[in-house]
Amino acid sequence: MVHRRTSNDTELVFGNQGALWGNAMTWWDTETGSVWSQPLGEAILGPRTGERLELLPSSLGTWSDWKAVHPDTLALDVPSGADGFDLEQMAIVVELADTSVAVPVPLLRDEPVANHLLDGVPLAVVLLPETDRWTVFSRRLDEEVIELMLDGDALVEVDPTGDEPRRFDPDSGLALDGGDQSLDQLPGFTSFPADYVTFFPDGAFWTPDGIVAAADVAE
């Protein structure tokens, strides 16, 4: 997950606080020493308690796949080993205002696009099965809301109103048919389902058959 590190018009510098809160990472800001929760992007201890950072759109995938799409990317070269996170055990979370939904990754294996309406915002959570790259898009084009499906290497409009369905790049959301309409990317992040319930007890899990309240899963 990626946050804008500006709060109340102040640019903050963060470090790893070292302790876990709710089984998740915490940061501290060098200006006030306040402690922040990573999943919430919110200060939970210190002078900045209650302040929240803006969550920015991001995606997760392999470096080779990213370089194929963005060949001019520069990256910080630091020693690292393989991480211990298995995407198969996680869910992709979308939070808008005070509402959130989690889409379990295993469900996206069978249905790689989750079309959902969250707090009035039509969105699509997309998983590319061959690369495990995922992205969240808005399904609103101007004043129109569309439904999407994955067809090969393209996101395709379901039940188009025009003669031909519109097609979009599943990485960037850009139109593939030469049109000027593109899908806007929305913020999302991965979480273990149990951790999602901890931090978002009023949230819900998406399934192909409907929504399940996080509180019911916790029980």
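Predicted model: local features only at pLDDT ≥ 70, side-chain atom pairs only at ≥ 80, totals over all residues.

Visitor: Start with charge pairs. How many salt bridges are there in the structure?

Guide: The structure holds 12 salt bridges. As background, side chains of opposite charge can pair when their charged atoms come close.

Visitor: Give me one. What does Arg4 meet in a salt bridge?

Guide: Arg4 meets Glu54, side chain to side chain, at 2.9 Å from N to O. Arg4 sits in strand 1 (residues 2-4) and Glu54 in strand 8 (residues 54-56), so this pair ties together parts that are 50 residues apart in sequence.

Visitor: And how accessible are Arg4 and Glu54?

Guide: Arg4 is partly exposed, with a relative accessible area of 41%. Glu54 is also partly exposed, with 43%.

Visitor: What about Glu42, which residue does its side chain meet?

Guide: The side chain of Glu42 forms a salt bridge with that of Arg52, at 3.8 Å from N to O. Glu42 belongs to strand 7 (residues 42-45), while Arg52 is in the loop between strand 7 and strand 8, so the two parts tied together are 10 residues apart in sequence. Glu42 has a relative accessible area of 22% and is partly exposed; Arg52 is partly exposed at 36%.

Visitor: Next pair. Where do Glu88 and Arg109 lie?

Guide: First the contact: their side chains meet in a salt bridge of 2.7 Å, N to O. Glu88 lies in the loop between helix 1 (63-69) and strand 9 (91-96), and Arg109 lies in helix 2, so the bridge ties together parts that are 21 residues apart in sequence.

Visitor: Which residues are linked in a network of salt bridges?

Guide: Asp29, Glu31, Arg48 and Glu51 are linked in such a network.

Visitor: Which residues gather in a patch of negative charge on the surface?

Guide: Asp110, Glu111, Glu147 and Asp159 form that patch. Asp110 is in helix 2, which covers residues 105-110. With 72% relative accessibility, Asp110 counts as exposed.

Visitor: Why does 72% get the label exposed?

Guide: Because the label applies over 50% relative accessible area, and Asp110 has 72%.

Visitor: Switching to rings. How many aromatic pairs does a search of the whole structure find?

Guide: The search finds 6 aromatic pairs.

Visitor: And which residues do ring pairs link into a cluster?

Guide: Phe189, Tyr196, Phe200 and Phe205 are the residues linked into a cluster by ring pairs.

Visitor: Backbone now. What is phi of Asp132?

Guide: Phi of Asp132 is near 65 degrees, which is positive in a residue other than glycine. For context, most residues other than glycine have a negative phi. Asp132 is in the loop between strand 12 (121-128) and strand 13 (133-138), and is partly exposed with a relative accessible area of 26%.

Visitor: What about phi of Asp142?

Guide: Phi of Asp142 is near 55 degrees, again a positive value in a residue other than glycine. Asp142 is found in the loop between strand 14 (140-141) and strand 15 (144-145). At 59% relative accessibility, Asp142 counts as exposed.

Visitor: Last topic, distances. How many residues apart in sequence are Gly203 and Thr99?

Guide: They are 104 residues apart in sequence, and their C-alpha atoms are 6.5 Å apart in space. Gly203 lies in the loop between helix 3 (193-199) and strand 20 (204-207). Gly203 counts as buried, at 6% relative accessibility.

Visitor: And Thr207 to Gly41, how many Å apart in space?

Guide: Thr207 and Gly41 are 26 Å apart, C-alpha to C-alpha, with a sequence separation of 166 residues. Thr207 is in strand 20 and counts as partly exposed at 22% relative accessibility.

Visitor: One more. Where is Asp209 found?

Guide: Asp209 is found in the loop between strand 20 and strand 21 (210-213). Asp209 counts as exposed, at 80% relative accessibility. From Asp209 to Gly120 the C-alpha distance is 19 Å, and the two are 89 residues apart in sequence.

Notes. Residues numbered from 1 in each chain as written. Heavy atoms only, no water. Phe/Tyr/Trp six-rings, centres within 6.5 Å; stacked < 30°, edge-to-face > 60°. Patch = residues over 30% accessible without salt bridge, like charges linked within 9 Å, V, L, I, M, F, W, Y side chains within 5 Å. Areas by Shrake-Rupley, 256 points an atom, 1.4 Å probe, with all protein chains shown as cover. Salt bridge = Lys/Arg side-chain N within 4 Å of Asp/Glu carboxyl O. Lys, Arg positive; Asp, Glu negative; His and termini not counted. Charge placed at Lys NZ, Arg CZ, Asp CG, Glu CD. Helix = DSSP H or I, 4+ residues; strand = E, 2+ residues; numbered from the N terminus. Buried < 20%, exposed > 50% of the residue type's maximum accessible area, 1.4 Å probe, protein only.
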